[in-house]
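Please have the structure open while I talk.

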Amino acid sequence: MTINAVLLAVVIMLGLSLARVHVVLSLLIGAIAGGLIAGMGLTDTLTAFQDGIKNGAQIALSYALLGAFAVAIAHSGLPQSLAGAVIKRIDAGGTGGMIKYMLFAGLVMMSCFSQNLIPIHIAFIPLLVPPLLLAFNRMHIDRRLIACLITFGLVTTYMFIPYGFGDIYLNQIMLKNVGEAGIDVSNISVTKAMAIPALGMVVGLLTAIFISYRKPRHYAQLAMDKAAHDEALENDALSKTAARAQAQTKRKTLVAIAAIVIAFVVQMYTDSLLLGSMFGFGVFMATGVVKWRDADTVFNDGIKLMAMIGFIMITAQGFAEVMKATDQIQPLVDGATAVFGGNKAMAAFVMLLLGLIVTMGIGSSFSTIPILAAIYVPLCISLGFSPLATVAIVGTAGALGDAGSPASDSTLGPTSGLNVDGQHDHIKDSVIPTFLHYNIPLLIFGWIAAMVL
């Protein structure tokens, strides 16, 4: 019995990832194994891998500049100001339901903005969430709900809105790879394709808010919470008594807002996230919010923030290129088509389920798309799925597993902010709640999209 090289490579890559071997090494080893099994030889396999790496260079550079932009925004103090404003509102208005739901809305909005309007990814979480822990504790809010709120914004916006990280995921990665795999994507609306799956995420969010975690949960009011709150109030008092400091803070906030607007406008008109981030960072430097002497440090910190994601994306592009070079994708598609027997409903469900498994192993939707598109697009064509349904399947299969993966930024980010006092477990309080509330409805609604589009 002949083993399909593509299938074997994916199994090896996924097995190593689940065994906690670093994702970059897992992708590299899987690609080499697939190339050798296909008879390509080590030299040809590495050549194909290197050709794929070139395709991921622009994406990685966009991430690096976004990281620098994120650190510059943090340097301006805007996230801290937002946290301080929320704490003041809670102190003034008590712990009523209106304040609580305003806080929920603010967290969802900030996490959404972090992907599109203010593309700083998870950088806002350690800046915004820890100062709010005292407020969460006072209102007896279940932190599992906070994890679900943040993860909703981190995932839903990039898989539905084509700006910021959404531009990278939907346009630069998904449409690009789907187009290269054999479908004309020039007239496809990604928002239309992903609207039904995004609705599934909304259902999961509402379930978490009004059913799963609506009951109060009590946490110990540790000394560090009190100290952090007192420090916030003290800083606020100092800013009121020192007019100069207050004016400087206000100026930095205005500059940050201006930089965000300029970055968004540049990206919208040039269709380049790279240029948008560069112009936004340039505003911080030109106005002196980021000093010239600090520019290298801020930029390097930003690159460090996004470097790992960039490396995974580059490696995934190399993996996908090797899979294409094996010439064994078509036999795999033909075999799968024969197994499904033309049953589109079963085929769509299996493709989405496999996407969940692969993304859970890798921990990055952005890195999963090149792998899935190379296999799924020919399969969708052979089974008669429309181009719009194919885009919905690939996009949903990539996003599935981002929420709920132990290695994903979408779960690691919330944990980094909610566990600063040691009362939020990564697996039990971030991974499992987000997995249940988002992957199940996303699987269902993604299947519906495949059937109706």
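Predicted model: local features only at pLDDT ≥ 70, side-chain atom pairs only at ≥ 80, totals over all residues.

T45 is buried, with a relative accessible area of 1%, where buried means under 20% relative accessible area, exposed means over 50% and partly exposed lies in between, using a 1.4 Å probe and protein chains only. Residues are numbered from 1 along each chain as its sequence is written, and side-chain values use heavy atoms, with hydrogens and water left out.

T45 sits in helix 3, residues 41-55, and helices here are DSSP runs of H or I with at least four residues, numbered from the N terminus. Leaving out residues up to four places away in sequence, T45 touches A31, I32, G35, L36, M40 and V322, contact meaning heavy atoms within 4.5 Å. T45 and G318 are 273 residues apart in sequence, yet their C-alpha atoms are 9.8 Å apart in space.

P197, in helix 11 (residues 190-212), is likewise buried, at a relative accessible area of 0%. Its contacts beyond four places in sequence are M159, T396, L442, F445, G446 and A449, and from P197 to M159 the C-alpha distance is 8.8 Å across 38 residues of sequence.

M159 brings us to the largest nonpolar core, which has 101 residues, and M159 is among the members that touch the most others, together with F136, I146, L149, F319 and F385. By a nonpolar core I mean a set of buried Ala, Val, Leu, Ile, Met, Phe, Trp, Tyr and Cys residues joined through side-chain atoms within 4.5 Å. Helix 18, residues 365-383, gives the most to this core, with 12 residues. A second, separate core of 19 residues includes A68, I73, A259 and A295.

How do helix 20 and helix 21 pack? Helix 20 (residues 409-418) and helix 21 (residues 426-452) meet at an angle of about 140°, with their axes 10 Å apart, the axes being lines fitted to C-alpha atoms over the stretch in contact, and angles running from 0 to 180 degrees between N-to-C directions. The two helices are therefore oblique to each other, since angles under 35 degrees count as roughly parallel, over 145 as roughly antiparallel, 65 to 115 as roughly perpendicular and the rest as oblique. On the helix 20 side the contact is made by T411, L412, P414 and T415, and on the helix 21 side by H426, S430, V431 and T434.
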